[in-house]
Amino acid sequence: YLKSHIHLQATLQENVKIFKETLNNNSFLTPGESAIQSFLIPGNNAVKKAAQTLQQKGFDVRPILSPTVASGSERLRIIIHTYNTKSEILALANA
């Protein structure tokens, strides 16, 4: 499937690039170019509140809580997809 749909790889890479550039490679954004992005928000309560706020705005983001990650390195898990539009990505990054 991927061999016959090479354009999907380029689309995904471009979507990740848009997301990261919109956040200006914010220091809370974990490094990496994969479709799975993490945004550090220390504290279980803080990251749960951030996830809930974004979910209420229609974004499917998930909090990753301690003890799954070390205390103080809790984060939002954000997955960028090929079907995400530029406006959706910009809206999430700006939210």
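Mentor: Let's start with a term: an angle between axes under 35 degrees counts as roughly parallel, over 145 as roughly antiparallel, 65 to 115 as roughly perpendicular, and the rest as oblique. Our model is predicted, so local features need pLDDT of at least 70, and side-chain atom pairs count only at pLDDT 80 or more. Residues are numbered from 1 along each chain, and side-chain values use heavy atoms, leaving out hydrogens and water.

Trainee: Why are helix 1 and helix 3 called roughly parallel to each other?

Mentor: The axes of helix 1 (residues 7-22) and helix 3 (residues 86-94) cross at roughly 30 degrees and come within 9 Å. That angle belongs to the class under 35 degrees, and helix 1 and helix 3 are therefore roughly parallel. Helices here are DSSP runs (H or I, at least four residues), and strands are runs of E (at least two).

Trainee: Which residues of helix 1 and helix 3 meet?

Mentor: Contact means heavy atoms within 4.5 Å. Asn15, Ile18, Phe19 and Thr22 in helix 1 meet Lys86, Ile89, Leu90, Leu92, Ala93 and Asn94 in helix 3. By class, this contact of helix 1 with helix 3 has 6 nonpolar, 3 polar and 1 charged residues.

Trainee: What makes Gln13 count as buried or exposed?

Mentor: Gln13 lies in helix 1. Buried means under 20% relative accessible area, exposed over 50%, and partly exposed in between (1.4 Å probe, protein chains only). Gln13 has 56% relative accessibility, so Gln13 counts as exposed.

How values were computed: Axes fitted to C-alpha atoms, helices over the stretch in contact; angles between N-to-C directions. Nonpolar A, V, L, I, M, F, W, Y, C, P; charged D, E, K, R; others polar.
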